[in-house]
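Good morning, and thank you for coming. Please look at the sequence and the structure on the screen while I speak.

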Amino acid sequence: MKIVIMDDTIVNPGDLSWKQIEKLGQLTVYSGQAAGMDELIRRASDADIILADLPEVPHGLIEACPKLKGIFLFATGYDSVDLEAAKKRNIVVCNVPSYGTAAVSQYAISLLLAICSNIDFYSEKVHEGLWLNRSKEIVGEHRLIELEGKTMGIIGFGKIGQRVGLIAKAMGMNIIAYNRSQNDAGRAIGEYVTLDELLERSDVISLHAPLNEQSRHIINAAAIEKMKDGVIVINNGRGGLIDSKALADALISRKVYAAGLDVVDGEPIASDDPLLSAPHCIITPHISWLPREARQKIVDCCEENIKAFLEGKPVNNVAV
């Protein structure tokens, strides 16, 4: 069984081991992003199994690799994989469903606290020798926000959304949530509401929904119009959940007070993305999942996914 890791530089930049994968077949590991489709095909052409992140599985790769039997993703999301093509070829496509619950929820709260506490700004002022300079201009532009008693609306109330809710609740926030399904675990954390009610009531909106046809640009100009003035928007789920121009316009008009984003609609971010020049907008390069502990969970889950596949009992198969 020939196994190919398409690019190991992000999941394992050198602080993890591939030994547990090596035990499962003849392993080839590539480092560095492929230059284009031809290079991707060259890497995968002789593989029975590939391990890859989403950018490494573009449309057309499946047809170009006749031996391919399994695609094992280093990720939870699978929206860029051609699942129909995989189904036609009986190719298993397995994701890693819950490795990032702790890391991603922690990062979502970190984005919120970065906005509400402005720690970096005030630390810089102290290092500049401005400890005593508490001018109205500085305080007004970089005010601190107390979260206790405020309402967080969570769009997408699965494992990560619920963990974010638990943390926010521990800080004294009121939790409301919009999700296609409901469960008792969610009810113990917050109140399920309609999307419109969530938009209207929330002081903070945090997005953790999967990206699909129904959720794409769920935050658009019309949705923002329904929000409170001065709302805070957090997104470290999927970039396509937000219409970038609509959010940028709302930040400029101050309808939205601030945004904390670890994902954007189109990655890496384009140089002309309007969010880059929007005020009060924190953008980080899709790194919520980056802690070593979370990446080890990815490798562990991929090992279990491959073992189950080799035993003829695939798990976490999204191409069904």
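Against which strands do the buried residues of α2 pack? Please keep in mind that this is a predicted model. Helix α2 covers residues 37-44, and its buried residues are Leu40, Arg43 and Ala44. These residues lie on the same side of α2, because they cover an arc of only 85° around the axis. The answer to my question is that they pack against β1 (2-5) and β3 (49-52).

Let us turn to the sheet that contains β1 and β3. This open sheet has five strands, paired in parallel, in the order β2-β1-β3-β4-β5. At its edges stand β2 (26-29) and β5 (92-94); each has a single partner strand, so one side of each is left without a neighbour in the sheet. On average, neighbouring strands here are turned by 15° against each other, direction ignored. Between the parallel strands β1 and β3 there are three bridges, and Ile5 stands opposite Leu51 in β3.

I now come to another sheet. Two bridges link β8 in the parallel sense to β7, residues 174-178, and Ala177 stands opposite Tyr192 in β8.

Note on methods
Residues numbered from 1 in each chain as written. Predicted model: local features only at pLDDT ≥ 70, side-chain atom pairs only at ≥ 80, totals over all residues. Heavy atoms only, no water. Buried < 20%, exposed > 50% of the residue type's maximum accessible area, 1.4 Å probe, protein only. Helix = DSSP H or I, 4+ residues; strand = E, 2+ residues; numbered from the N terminus. Arc of directions from axis to C-beta. Contact = heavy atoms within 4.5 Å. Pairing = 2+ DSSP bridges. Axes fitted to C-alpha atoms, helices over the stretch in contact; angles between N-to-C directions.
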